Amino acid sequence: MATPVLDKVEAESAASPYITVTFRVRRFNPEVSEHAVWEDFPIEIDPKERVLDGLHKIKWDLDGSLTFRRSCAHGICGSDAMRINGKNRLACKTLIKDINPEKPITVEPIKGLTVLKDLVVDMEPFFQAYRDVMPFLVTKGNEPTRERLQSAEDRERFDDTTKCILCAACTSSCPVFWNDGQYFGPAAIVNAHRFIFDSRDEAGEQRLEILNDKDGVWRCRTTFNCTDACPRGIEVTKAIQEVKRALITRRF
Amino acid sequence: MSADTSSAIGSVESGPHYDVDNPAPLIEAPRKRTGKTPRATRGNFEMAAWLFMRLSGVLLVVLVIGHLIIQLVLDGGVSKIGFAFVAGRWASPFWQVWDLLMLWLAMLHGANGLRTVINDYAERPNTRLWLKGLLYAATVFTILLGTLVIFTFDPNIR
Ligand code: HEM
Ligand code: SF4
Ligand code: FES
């Protein structure tokens with residue numbers, strides 16, 4: 001019985017792995033029109049490749065004017081977050097075979113930020129919120145001659161939120177942020193969390209006060225979109241709840 | 001740009017003509033964060049409002065569900081509700097306090113919930129101001145009127 005099965009596998013691997021996938025891309029070029037339009041690109045591609053490879057294929061072989069951001073292509077730099085099949089993901093971490101290539105794959109810019117061209121958005125409001133939570137170590141007193149020591153447990157306390165790559169997938173998946181971009185957004189809160197719960201840091205109180213703002217953590221409605229969107233698997237909603245709890249318990 | 005050549009193309013397309021020197025307006029987000037955005041915070045008001053929503057919610061589960069069962073399910077359902085039924089219940093201070101608590105909690109809870117919704121959806125500052133003004137006026141009016149009725153209810157009115 002084993003032989004026919006092997007034969008079948010061999011026959012299949014000999015066949016071309018390429019299939020035709022339609023990329024339905026949301027395009028906007030202010031130098032041509034004030035409207036964004038969908039454009040379909042049927043391409044031949046191995047479904048084991050990533051959405052980013054598909055976008056490269058389009059840009060390099062079909063239409064050089066397609067504009068998107070990417071740098072590392074390996075899920076580290078956080079520059080290619082986009083809305084793929086209605087869900088925020090990194091194009092470089094999304095395999096085509098995982099998102100049903102039978103149907104057209106929709107690719108849009110992330111929502112809630114000004115669209116500059118095609119898939120490129122203005123990230124400035126996002127980084128402004130990030131800067132506003134003081135994402136750097138603040139300490140008092142003399143600098144130690146060696147490193148600042150920390151126990152393994154103290155390091156573990158904020159381990160999850162150190163993984164953020166600032167891709168904005170979470171913030172731009174949040175319905176509160178879509179409607180009112182003045183909300184700090186999940187990413188800024190995640191990066192505040194990373195320092196608030198760091199035993200070496202001494203500005204936790206200040207950061208909590210910043211997030212107590214009317215556009216701070218209390219605007220979170222626990223929809224969990226951010227946790228679903230995060231390509232680093234950070235428990236974003238949980239981090240936001242921990243900041244809320246810290247704000248409540250430090251007073252009562 | 002020479003008017004002759006561009007008009008030949010422009011007339012085919014509908015709407016205004018855009019190019020490198022005359023780009024279309026960008027697709028903006030409704031409200032944006034800027035360097036000025038974290039304005040003066042209002043103390044712990046937002047935290048108090050958040051806590052209030054949860055605490056009042058827990059109490060409302062008991063109050064509202066109890067209210068619905070008494071009014072709509074027990075003793076023949078809605079058909080029994082009338083002036084006499086209400087007068088009978090409000091003869092007891094227990095039901096007076098129950099209804100008073102339910103009135104205040106539900107109104108403040110609902111009003112704060114709608115305040116959240118206005119903050120989410122109203123884009124222009126003026127729209128926000130007017131909607132919130134209307135909301136607060138309606139809330140104060142309903143709470144005061146309801147409280148007045150519960151305290152001054154006269155079962156012998158003719
Ligand atoms: C039956 C018990 C109730 C419970 C446990 C409850 C609980 C809650 C909670 C926890 C929230 C906050 C949601 C968030 O911030 O994410 C909320 C919002 C809200 N509640 Fe209630 N509530 C109850 C009854 C009521 C009643 C009777 C009203 C109407 C008078 C009401 C109107 C609202 C509104 C308008 C919102 C805002 C909706 C939103 O934030 O999207 N609720 N409720
Ligand atoms: S928390 Fe996750 S989704 Fe949000 S910016 Fe960081 S890496 Fe991206
Ligand atoms: S290109 Fe760097 S994260 Fe995808």
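Tutor: The discussion below turns to the interface, the salt bridges and the ligands of this predicted model.

Student: How is the size of an interface expressed, and what area is buried between chain A and chain B?

Tutor: The size of an interface is often given as the accessible area lost when the parts come together. Between chain A and chain B, the buried area is about 3,300 Å², and carbon and sulfur atoms give 53% of it. In terms of residues, 37 of chain A are in contact with 33 of chain B.

Student: How many salt bridges and polar contacts cross between chain A and chain B?

Tutor: The rule finds three salt bridges across this interface. Polar contacts between chain A and chain B amount to eleven residue pairs, counting those with both residues at pLDDT 80 or more. On the side of chain A that touches chain B, at least two residues each come from strand 6 (115-117), helix 3 (124-132), helix 5 (175-179) and helix 9 (236-249) of chain A. By class, that side of chain A has 17 nonpolar, nine polar and eleven charged residues.

Student: How should I read a salt bridge, and which residue of chain B does Arg219(A) meet in one?

Tutor: Side chains of opposite charge can pair when their charged atoms come close. Here the side chain of Arg219(A) forms a salt bridge with that of Asp120(B), at 2.8 Å from N to O. Arg219(A) also meets Asp180(A) in a salt bridge, at 2.7 Å from N to O. This second pair links distant parts of the chain, 39 residues apart: Asp180(A) is in the loop between helix 5 and helix 6 (186-196) of chain A, and Arg219(A) is in the loop between helix 7 (204-211) and helix 8 (225-229) of chain A.

Student: Is Asp180(A) buried or exposed?

Tutor: Asp180(A) counts as buried because its relative accessibility is 1%, under the 20% cut-off. Arg219(A), at 8%, counts as buried as well.

Student: Where does ligand 1 lie, and which residues surround it?

Tutor: Ligand 1 lies between chains A and B. Its surrounding residues include Arg221(A), Met53(B), Arg54(B), Leu60(B) and His109(B). An oxygen atom of ligand 1 is 2.7 Å from an N or O atom in the side chain of Arg221(A), and a polar side-chain atom of Arg54(B) lies 3.0 Å from an oxygen atom of the ligand. For His109(B), an N or O atom of the side chain is 2.8 Å from a nitrogen atom of ligand 1. Helix 2 (45-73) and helix 4 (93-121) of chain B are the elements that give two or more residues to this shell.

Student: How do the residues around ligand 1 and ligand 2 divide by class?

Tutor: The shell around ligand 1 holds five nonpolar, four polar and two charged residues. Around ligand 2 there are twelve nonpolar, no polar and one charged. The closest of the 13 residues surrounding ligand 2 are Cys164(A), Cys167(A), Ala168(A), Cys170(A) and Cys230(A).

Technical notes. Residues numbered from 1 in each chain as written. Chains lettered and ligands numbered in written order. Predicted model: local features only at pLDDT ≥ 70, side-chain atom pairs only at ≥ 80, totals over all residues. Heavy atoms only, no water. Contact = heavy atoms within 4.5 Å. Buried area = accessible area lost by both parts, 1.4 Å probe. Salt bridge = Lys/Arg side-chain N within 4 Å of Asp/Glu carboxyl O. Polar contact = N/O pair within 3.5 Å; in protein donor to acceptor, adjacent residues only side chain to side chain. Helix = DSSP H or I, 4+ residues; strand = E, 2+ residues; numbered from the N terminus. Nonpolar A, V, L, I, M, F, W, Y, C, P; charged D, E, K, R; others polar. Near = heavy atom within 4 Å. Buried < 20%, exposed > 50% of the residue type's maximum accessible area, 1.4 Å probe, protein only.
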